[in-house]
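Colleague: I am new to this structure and would like to go through it with you, one question at a time.

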Amino acid sequence: MGTLFQKQVDHFTKQLPFVVFCKPNLNQIIGVFQHNDALHTISDYTENGFAFVSFDSTQKYFIPQESSDVYVETIDTTEYYLPKTVDLSYSEEAKSDFEQLVAKGVKAIVDGNFDKLVLSRKETLLLPSFDIESTFRKFVQLYPTAFKYCWYHPKVGLWMGATPEQLIKKHSNSIATVALAGTQLYSESVVWEAKEQQEQVFVTDYIVDNLKDFAKDIQVSTPYTFQAGSICHIKTDIRAELKATTDFGSCLERLHPTPAVCGLPKLVAQQFIIKEEGYDRGMYAGFLGELNVDFATYKRETSDLFVNLRCMEMEGNQANLYVGCGITKDSIPEKEFLETVNKSMTMKRCIL
């Protein structure tokens with residue numbers, strides 16, 4: 001076990017805050033280990049550290065660079081873990097509850113209240129045991145194109161995940177983001193239905209329209225299929241230049257939460273979600289990542305933030321898995337539920 005993972009286990013045992021993460025398509029693991037158990041909050045996004053922000057932005061935490069030890073290690077995970085077939089069985093009660101929620105969302109869209117909604121559910125699993133190091137290593141090996149992380153604070157909790165979606169990347173005044181929508185099991189011959197293509201247009205248009213207040217020279221790629229583990233999405237790359245460095249915090253607040261995790265119009269969709277889903281999303285569908293610092297190089301004016309999808313919250317040997325899907329007027333409740341079952345595979349392959 002390497003020095004970084006020894007530090008991870010030691011900090012977790014001592015109940016001290018830390019984050020260990022691995023960026024997409026890299027085998028470089030970065031650990032940021034805070035010296036004490038203080039809970040630091042973000043005020044205006046000018047802070048330097050690792051950010052973790054909730055879906056409703058009421059919780060905005062960060063682990064400061066200046067009061068943490070930083071470890072960077074390269075690991076080879078190619079033969080660490082042999083994936084096994086995951087049991088994707090589910091309870092009929094959970095299926096019925098979610099299908100009723102989706103049906104309510106579809107009706108609200110048909111009634112003209114929304115263009116799109118993203119609805120989610122929480123699935124709780126009792127595990128016979130939990131090992132923090134091996135679980136994170138499995139995420140790293142099985143999801144190379146995702147952002148993998150393990151974040152812990154004794155006053156907040158333990159979260160882990162492998163998210164395929166970038167919220168925004170910034171260096172100096174240059175920014176890059178993505179529009180991500182649609183989900184299906186990956187195959188060599190993926191075909192996207194009209195509903196999924198429409199969902200992608202909603203997300204792309206929303207991001208571009210909101211960037212116009214803060215950015216110029218906006219460039220949008222052609223949509224393409226993007227693989228994330230065993231599933232895939234439609235993805236569009238978006239690049240732009242901030243009009244001023246001071247606009248970054250305002251830009252973040254405008255983009256979050258994106259239609260990919262909330263809906264359109266954003267504020268009323270968010271209110272519907274909070275009222276109707278029946279549980280608190282917490283940090284799920286929030287965002288996390290490097291804020292104004294690259295921990296590998298210590299470069300400032302660099303941010304690399306991701307939407308917190310395909311994630312779970314650990315409470316002892318209980319894992320709370322969070323999964324959702326985009327809803328339009330053409331959504332079929334049973335199909336949307338099965339989409340969440342497929343998405344849960346990401347985490348189940350790592351913990352079961």
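The conversation below moves from the whole chain to single residues.

Colleague: Before we start, what kind of model is this?
Modeller: Local features are described here where pLDDT is at least 70, and side-chain atom pairs count at pLDDT 80 or more. With those limits in mind, the model is a predicted one.

Colleague: How many helices and strands does the secondary structure of the protein come to?
Modeller: The C-alpha atoms of the protein fill a box of roughly 55 × 50 × 40 Å along the principal axes. Within the protein, the secondary structure amounts to seven helices and 20 strands.

Colleague: Among contacts between residues at least 6 apart in sequence, what percentage join residues at least 24 apart?
Modeller: As background, buried residues make up 59% of the 352 residues in the protein. For the contacts you ask about, between residues at least 6 apart, the share that joins residues at least 24 apart is 72%.

Colleague: How far apart are the end C-alpha atoms of helix 7, and what should its residues span?
Modeller: Helix 7 covers residues 333–351, which makes 19 residues, and at 1.5 Å a residue these should span 27 Å.

Colleague: Where does helix 7 bend?
Modeller: Helix 7 is largely enclosed by the rest of the structure, because 14 of its 19 residues are buried. Along this helix there is a bend of about 35°, and its place is M345.

Colleague: Turning to the aromatic rings, how are the rings of W159 and Y322 arranged?
Modeller: The structure holds 19 aromatic pairs. In the pair of W159 and Y322, the ring centres are 5.3 Å apart and the planes meet at 20°, and since planes under 30 degrees apart count as stacked, the pair is stacked.

Colleague: How many residues apart in sequence are the parts that this pair ties together?
Modeller: Both partners are buried, W159 with a relative accessible area of 3% and Y322 with one of 2%. W159 belongs to strand 8 (residues 157–163) and Y322 to strand 20 (residues 318–327), so the pair ties together parts whose separation in sequence is 163 residues.

Colleague: Which residues form one aromatic cluster with W159 and Y322?
Modeller: W159 and Y322 are members of one aromatic cluster.

Colleague: Over the face of which residue does R281 lie?
Modeller: A charged end over a ring is also found at K170, which sits over the ring of F248 at 5.3 Å from its centre. R281 is placed 4.4 Å from a ring centre, and the ring belongs to F55.

Colleague: Is K95 buried or exposed?
Modeller: K95 has its place in helix 2 (residues 92–110), and it touches Y90, E334 and F337, not counting residues up to four places away in sequence. Its relative accessible area is 10%, and because under 20% counts as buried, K95 is buried.

Colleague: Which peptide bond joins H256 and P257, cis or trans?
Modeller: P257 lies in the loop between helix 5 (248–255) and strand 14 (263–264). Omega between H256 and P257 is about -10°, and the bond is cis.

Colleague: N25 and R310 both have a positive phi without being glycine; is R310 buried or exposed?
Modeller: N25, with phi of about 65°, is exposed at a relative accessible area of 58%. R310, with phi near 45°, is found in the loop between strand 18 (302–307) and strand 19 (311–315). Its relative accessible area is 6%, so R310 is buried.

Terms used: Residues numbered from 1 in each chain as written. Heavy atoms only, no water. Helix = DSSP H or I, 4+ residues; strand = E, 2+ residues; numbered from the N terminus. Expected span 1.5 Å × (residues − 1). Bend = angle between axes of the 7 residues up to and from the residue. Buried < 20%, exposed > 50% of the residue type's maximum accessible area, 1.4 Å probe, protein only. Phe/Tyr/Trp six-rings, centres within 6.5 Å; stacked < 30°, edge-to-face > 60°. Lys NZ or Arg CZ within 6 Å of the ring centre and 35° of its normal. Contact = heavy atoms within 4.5 Å.
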